[in-house]
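Take each task in turn, try it yourself, and then follow the solution.

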Amino acid sequence: MKHLALLLALCASCHGSSAPALAAAHDSIPLPALAHVDLDVVAAIEAARAELAADPTSAKAWGRLADRYLVHDFMAEAAQCYARAEELDPESYVWPYRRGWSLIDDRPEEAIGPFERALAKLERYAQAHEAYGEVLVRVGRGAEAVAHLERASELDPRSGHADTVLGLYHVSLGEFERALVHLERALAREDQRVETHVGLAQVYLALGEEELARRHSEVSRTLPQSSRRDDPFASPNLAPAGARARTKFARQLERQGKLAEAEEQYRAGLAGNAQHYQARLGLAELLARSGRRAEGVTLLREGLALSRTAQAELDLARLESGTAPAPESRREE
Amino acid sequence: MSVRVSAPPAALLFVVLGACAPEEPREGQFVEVGASRGLPRPDPAWPAGTYFMPEIMQGGVGLFEADGDGDLDLVHVRIPPPALPPGRIRHVLYLQQADGSFRDAGPEGGLLEEGFGQGLAIGDTDNDGDNDLYLTNYGPDVFYTNDGRGRFTNATATAGLEDSWWGTSAAFGDVDGDGFLDLYVANYVRYDPEKRCTDPSERSEYCGPRSFHGAPDQLWRNEGDGTFRNVTQQAGVVLPQDDARGHGLGVVITDLTRDGRADIFVANDAQANQLWVNQGEGRFEDEGVARGVGLNRHGQTEANMGVAVGDVDGDLAPDLLVTHLWEEHNRLFLATKSPVFRDFTVESGLAKHDLERTGFGCGFLDFDHDGDQDLAVVNGAVRRRPPVPGAPDTFWREYVEPNQLFENLGGARFELVEATAGDFARDLAASRGLALGDVDGDGDVDLVVANLDNSLQLYENRLPAAGTHWLLVRVLTHGRDALGAQVSVQAGGTARLALALAGSSYCSSNDPRVHFGLGASASYEALEVLWPDGTRERFAGGAADREVRLVQGEGERR
């Protein structure tokens, strides 16, 4: 009921101060089901919708709402809004590029066009080639993907990502010798990428090098699951809302050395959802690294009182003893 | 509130108006007949879920001969309805009657222990000619022996089969070649009911496996004297990171590496799958990653659920299918001439149809008797999804999904055949278990589906055209079904492979008889069996359209 009341209040305020046309425009803006969604997420969405309703021909306003949907995983609504932003501002690479990312998991066939249009404006951006190449592989157009992945490898010679994708593509075709070239190059660039070791394990087994296969297989087990590379063109710069988004933002701030701001975000996330374990763990670890280990330990103990899980017990023990968290700890809930 | 909407609008109207108009013929060739045969209907009052994770994972259903009368009976593993005080519930044995209906065997059937049901394994563990039952629960599992007349006795303690982890799928198979069926139990996670989980939009939601440590799977060696010994550690069926990587949901036991020894494939939710390759002398090594079945073609872990095994490309080597979460593909791994399986998901055409579904139970079957292996998959979300058209207006609205039937067009290229699938694809439910078997004894494969609301659907196959032929093969060793045996038939100049697998799919157990569609061939030239102990025998041909029994030792050794 609280959610509904807030929604009604927000809608009433924007309707009350605008012409009927504005209300109609507001109603036609894509809106996902928001029942049970955190209040600050609802408020952030509604603010972006109200801004758009006030200026419905603004590509930026459509894009900002799309960004808001993207960061909260409302992918279908994000894709709709990015499409409208692109219609209004066809010169920008940002809208089709992010639209591609909003479609890549659910509707990869539909992500191809947007990625293609973005790539036309981002010819020298390695990750645009990678994204396009990856989506082509996903839909079975691997032969077309090869040139883009090779181009990505040239453009960013420090990254092993494109060569890993290429290697795994050749593995899937049974082309083990060709796969080996790419995977060894990827390994030389980045030796902590789990997918590279997985590919090498398969290649070496197929080539009869069982010991090498076993070795890479073992290494792959010790590495955390890779997540997507940080891609500034695909990452909206928004004020975060909700524990999940705040935690993600806090981790970015931590990497930039902005510890006080990171702490603020973790605490805000926990204030909205005390059961959000990743926010709690992130804050506890940050405190420990800042010389406030006892505070961090207390925080995790409070979390255990709320929900006792094996992982939480393990993390608490590790924090108490000062050892590093396990790769499994830092995962999405 | 109903989780399932099984009636098309016209049929609903018929119900509302009373029986004053003839029932409109239902389109499609898989027709739901369970409701009229005594199987449990969808509960219209099925309450809202409580985000208690085990209530969204259960799905146990098994097809097997329980009482020695020659037809398939059925066991249904159930959960207490959500929103009631946490409790336990009796599992149900349904005995098929002469008229094709099913009767709840009740307390006389002996399935007396209550549990929070999940899955099951079925096999003759004492080689006395009848099938025994292992039922997995969220909580202690239960093992029942059969007296041959469909009356079961709890033998958990005497057999030493004590597993209190959260069990899901389980399978019997003779992994050490001593003639007795051993048992593999896939265990899921170390669940904490107090843990509250949210979705990316911060709404309450069922937890995913990554919120918990995995629970260790168990391998039990059948000692041949009515007892089992836990050999998990000594067999090497353990993972290096304090069990953190095992979230077992699916399991199959058969020779997948073509070395004559039974291997164990385990599908893990959000973790790499394991292919425990049998090294001989009771030892196993996980070669899933190196053989290309541990991860997807991008080298990433996915949410692996159910498992199907069959030869879908006609090369006489067993291929694997693993069902997955939405935004992931159901993965098809083809055996190749190299030791590495090929991820053929995209090329097969399956990838076009599964991103918006969460697959659980699955199985290969030749539903139209054209000689190749088709595919059935049952679906139902574990996390909220945009409602599908026609979804009921209940708590489960965002979880129900239609099931899918795929026709093999040849060469492992599949096409979704919704119209042909009839009720099977039309019904909307949150489905989990799928068991395959010739329930009505007409020579084709029927489908039984278990849903979250404790309802069962029986889909009768009316597809094979007149003039097509079939063969059922029951392979026997040591006086019981030779689970895991691989049988090839030579007919009309073509060789086809199928497997005697009970334990596969998700939390379910299939008719162990091997089924072949023979197309226009009214006879077959020969049968060849790769027995679980690695030996091969050839048997003479004969007429089609019948059940053939092959006994190990009576064929021509190859």
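**Exercise 1. Find what share of the residues of chain A count as buried.**

Solution. Keep in mind that this is a predicted model. A residue counts as buried if 20 or more other C-beta atoms lie within 10 Å of its own. Next, look at the secondary structure: chain A has 18 helices and zero strands. Finally, turn to contacts in chain A with a separation of 6 or more: 47% of these join residues 24 or more positions apart.

**Exercise 2. Work out the order of the strands in the open sheet of four strands in chain B, and explain why β26 and β30 stand at the edges.**

Solution. Start with the order, which is β26-β27-β29-β30 in chain B, with antiparallel pairing. Now take the two ends: β26 (359-365) and β30 (414-416) of chain B each have a single partner strand, so one side of each has no neighbour in the sheet. From one strand to the next, the twist averages 25°. Then zoom in on one pair: five bridges link β26(B) to β27 (residues 374-379) of chain B in the antiparallel sense. Within this pair, Leu365(B) has Asp374(B) of β27(B) as its bridge partner.

**Exercise 3. Describe the contact between chain B and chain A.**

Solution. First count the residues: chain B gives 41 and chain A gives 42. On the chain B side, the elements that supply two or more residues are β14 (197-198), β25 (342-343) and α4 (345-348).

Methods:
Residues are numbered from 1 along each chain as its sequence is written. Chains are lettered from A and ligands numbered from 1 in the order in which they are written. This is a predicted model: local features need pLDDT of at least 70, side-chain atom pairs count only at pLDDT 80 or more; totals for chains, interfaces and linings use all residues. A residue is buried if 20 or more other C-beta atoms lie within 10 Å of its own, exposed if 12 or fewer, and partly exposed in between; C-beta atoms are placed from the backbone. Two residues are in contact if their C-beta atoms, placed from the backbone, lie within 7 Å. Two strands pair if DSSP finds at least two bridges between them. Axes are lines fitted to C-alpha atoms, for helices over the stretch in contact, and angles run from 0 to 180 degrees between N-to-C directions.
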